[in-house]
Each structure stands twice: as C-alpha cells, then as structure tokens.
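Here are my notes for your review. Please read them alongside the model.

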Amino acid sequence: MNMRYQIYSDESGHERFRSVGILSAEKTNIDKLRDELDIILKNHGRRCIEFKKIAGDKEKEDSAKNFVSKGVEYCAANKIRIDVLSWDTQDRRHSIKGRDDNKNLQMMYYKILKCIQQRWKHDTLDWDFYPNEHSAIDWREIMEYLENTNLSKKNKIEHTLFGMIKNYHFPHFHAHSEAKSHEEPITQLIDIFTGFARYSFEKGKTFLDWRETERFQRQLKLFETSKEKLELSRGDLSKFKVLKTLDELCKKYRMGVSINEREHLYTFSPERPLNFWFYNPQHEFDKAPIRK
C-alpha cells in the first residue's frame, strides 16, 4: 500500500520579485504539524497568521516567530520539505512585451512541483494537492502536465506547451481542492515562508544593515533604536525581527540557508529540506510566455 503524500502551496508578490512556495510531506506528518500550529494560534488568541499581517502588532509578530520555528524544526527533522522558487520580472527572461503573468505563474508551479517530486526520490507515491485559492490558475492543466512528465533520463522526449519533457511519468494526483488560507494553518505556514523569500529580495540589504546596527548598539549599550537609525516602518521592523528568527534557526539547525552571501534567502544545496531557490534563465530561448 502506497503512503499518501500531500502538497500545499501559495504565492507572493505582484511587483518586481515574485515567489511560489510549496510544503510537501507525508500526510501523517502534515496532520501532526497542523495540530501543533493550531495550538500556537490558540495560545496567541488567533484564528490565522499570514505574512501580510506581520505589520507591527507584537502578538502577530510572536505568532509568526513560533510558526517559523515549528516549520524549521519539522524541516530539520526531515518530516516535511519547504521549497520556495523566486524570480525577477526584470531579468532577461521576463522583460518582454506582452508577458502573460498568469501563464508564467503556472509554468513556475510546474517547475517547482516537478523538482519536488524528484527530491522525494520515489516513483510510486500517492499525492494530494491543496493550493491556496487563486482563480486565475488552471490547476487541472498543471496536474495533467505533471502526470505526463517523465522524471527519468531515458526514453523518448515529448513536446508540450511547457517545452520538452521526457517520458517517465509523475505519479497521479488522487485528490485536489483549493485551500482557504484563513482556515488552513499549513497554508498560513507556507505563506509566511514564501512571503519572506520574496521580501528578502526587496529588503535583504536593509535587513542586514539593521541587524548590524542592532548588534553595534547592543555592544555599546546605546538607547536609540535601529528603527530610528534606519527610519524603518513598524511593519518592516516587525518583519525584520521575524526574519532574524528564521535566519538564526537556519544556522542553529544547520539548514544550509544564508541571507548574508547574496543579500536574499538562498539554499546552496537544493536537496536540503528547506530550499530557497532563485530561478535563472536556463538558455537564450528561455522566455516567459506572452499573451495571445
């Protein structure tokens, strides 16, 4: 009897930098994680917590820190995977006239889902797929392409709308429905990780400056705050504190994740269970789709 695995997803960003995040795991581990996230929410008197709600309220900030801690803890124990794929809409792949952002988002979902299946290194898993609500995405089309995708290095090559794919097929999806973020703690968790992946591209340099200023002030016991020093908004200051927690936890658990090297969240080995991945164009013909 095959084990049942589940995928939850969300996306972040409508401007230059955008991200797609996936949480994948065996169903029993996701059920246990959901129970623990529910306890965190109840302890903070909340029904949900999402990235956009980390805006200066101490209770929401602490909820987000506890969510991040639980997510990294489960990744470190190899109970779940969290993969986040980010891209720059101003790079040579995306800076084209008439770019179709909805179709491009579908292609990014296809790319990250295909890689996740390869990371699990199984060819007989049963999958359920629970993306966050997104009316512009054709989930059925994505699943059909995945189910017809070859993951091996042998056999013939097929031509599809997504380019060339080989012919050892992705397992079938057995269940699929859109998740409602405000009702599903797992979706809220991936929303937070996806939000910080995208946010780190926008504010990574400022975050590193703030962290260094904070360290300097703590050493000299100064009373002026880094918020005053860098003129941060309450929302950015709150997000920086949660991002600092995420960075420290990644170091504590040796997750292979850094923000120092490239001034944005990045995982150097994509096989690691917490994988922040930036998409670079693969060749000169790798272009975003255009509207028909």
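The points below cover a helix pair and a pocket.

1. This is a predicted model, with residues numbered from 1 along each chain as its sequence is written. Local features need pLDDT of at least 70, side-chain atom pairs count only at pLDDT 80 or more, totals for chains, interfaces and linings use all residues, and side-chain values use heavy atoms without hydrogens or water.

2. Helix α3 spans residues 101-120 and helix α4 residues 139-147. Their axes come within 10 Å and cross at roughly 40°. Axes are lines fitted to C-alpha atoms over the stretch in contact, with angles from 0 to 180 degrees between N-to-C directions. The crossing is right-handed (near helix turned clockwise from the far one by less than a right angle).

3. On the α3 side, the contact (heavy atoms within 4.5 Å) uses Lys103, Gln106, Tyr109, Tyr110, Leu113 and Lys114. Trp139, Glu141, Ile142, Tyr145 and Leu146 contribute from α4. Seven of the contact residues are nonpolar, one is polar and three are charged.

4. The second largest pocket holds about 480 Å³. A pocket is an open set of points on a 1 Å grid, probed at 1.4 Å, with protein on both sides within 12 Å along at least five of seven lines; lining residues have an atom within 4 Å of a point.

5. Which residues are the closest to the centre of this pocket? They are Asp10, Glu11, Ser12, Gly13 and His14, out of 20 lining residues. α3 gives the largest share of the lining, four residues. The lining divides into three nonpolar, nine polar and eight charged residues.

Definitions and conventions
Helix = DSSP H or I, 4+ residues; strand = E, 2+ residues; numbered from the N terminus. Nonpolar A, V, L, I, M, F, W, Y, C, P; charged D, E, K, R; others polar. Points joined across faces, edges and corners; volume = space filled by probe spheres on them.
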